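This report describes the pockets of one model. The sequence and structure come below, followed by the terms and the findings.

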Amino acid sequence: MKFVIMGSGGVGGYFGARLAEAGEDVTFVARGEHLTTMQRDGLRVSSIKGDVHLASVKATDDPASVGVADCVIVAVKAWQVREAAEAIRPMVGPDTMVLPLENGVEAADILAEVLGPGPVLEGLCGILAWREAPGHIRHAGVDPFVRLGERDSRSSERTARLKAAFDHAHGVSAEIPDDIQVALWSKFLFICAMSGIGSITRAPIGITRQLPETRAMIEAMLEEIDAVARGLGVAFPDDAVARAMQFIDAMPADSISSMQRNIMAGEPSELESQNGAVVRLGRTIGVATPTHAVIYAALMPQELAARGEGPSVA
């Protein structure tokens, strides 16, 4: 299959490298020094699932030059999804699949608004990975998985074909869940809570899950997300919160989320699409989210400053 990786950081770089290693036709869309290094030296992945060095890769900063793809994997930051959707228009043909691998729950909606509903799948992934240096991805925790499906969870030949491509890739587990919305929100449940607590405390999950005060905040965030999801019609199992807490308890103690990593570096983050989304979606259906509201408000000044949009301090 012809894959295009839209956003070649930790997520896109890892999964794209594994697909290329398995023999798929993969083009990476990247920018700056990361792009230059990949074009010159290829792409290197250091991983607990085994290292890979692709000495030569297809990489570009011009999606329009790639041509029509079989599958475009959208792995940009959440605030870049709409811009990415516009950029990938030339790569989307009548049979193209567009697979978002984001931390939030709204990416597929945004992609469908721009591209129409036809090509857009629902998807999510699990991985702790980041761009360690230009042309170098580091994967340090969580067995990487991809879950994908049609947005209404019906079976289809195209999703089966896409899963098969991932199945052939080393270091990747792929699944088509019975209910993709439950899978999407289940991932969002733990990653949003982990991102929020880590970003406001600047501490790794091993500390925040252990201290009674911060553990109580994590549990409160999980309960609020659970209430919002159910209010939106997501068919969560009764033990969804308990499962999410078990997953958080099993994470490597030094784990931090990509949102926390961005905030600690003073960079724009996914605050709006994670804790902000819980507050916003909760408000639309009349579900109170006080813990997320406090975290969102507390982090907003830094987020605006990172985007160059905040008020100046006299």
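Helices (H or I, at least four residues) and strands (E, at least two) are DSSP runs, numbered from the N terminus. The model is predicted, so local features need pLDDT of at least 70 and side-chain atom pairs count only at pLDDT 80 or more, while totals for chains, interfaces and linings use all residues. Residues are numbered from 1 along each chain as its sequence is written, and side-chain values use heavy atoms, with hydrogens and water left out.

A pocket is an open set of points on a 1 Å grid over the protein atoms alone, where a 1.4 Å probe fits and protein lies on both sides within 12 Å along at least five of seven lines; lining residues have an atom within 4 Å of a point. Points are joined across faces, edges and corners, and a volume is the space filled by probe spheres set on them.

| Pocket | Volume |
|---|---|
| Largest pocket | about 1,300 Å³ |
| Second largest pocket | about 340 Å³ |

In the largest pocket, G9, G10, A75, V76 and K77 lie nearest the centre among 44 lining residues. Two or more lining residues come from each of α1 (10-21), α3 (81-87), β8 (122-133), α6 (180-201) and α10 (258-264). β8 gives the most, seven residues.

The second largest pocket has 15 lining residues, with R147, A183, S186, K187 and R243 nearest its centre. At least two come from each of β9 (136-149), α6 and α9 (240-250), and α6 has the largest share, six residues.
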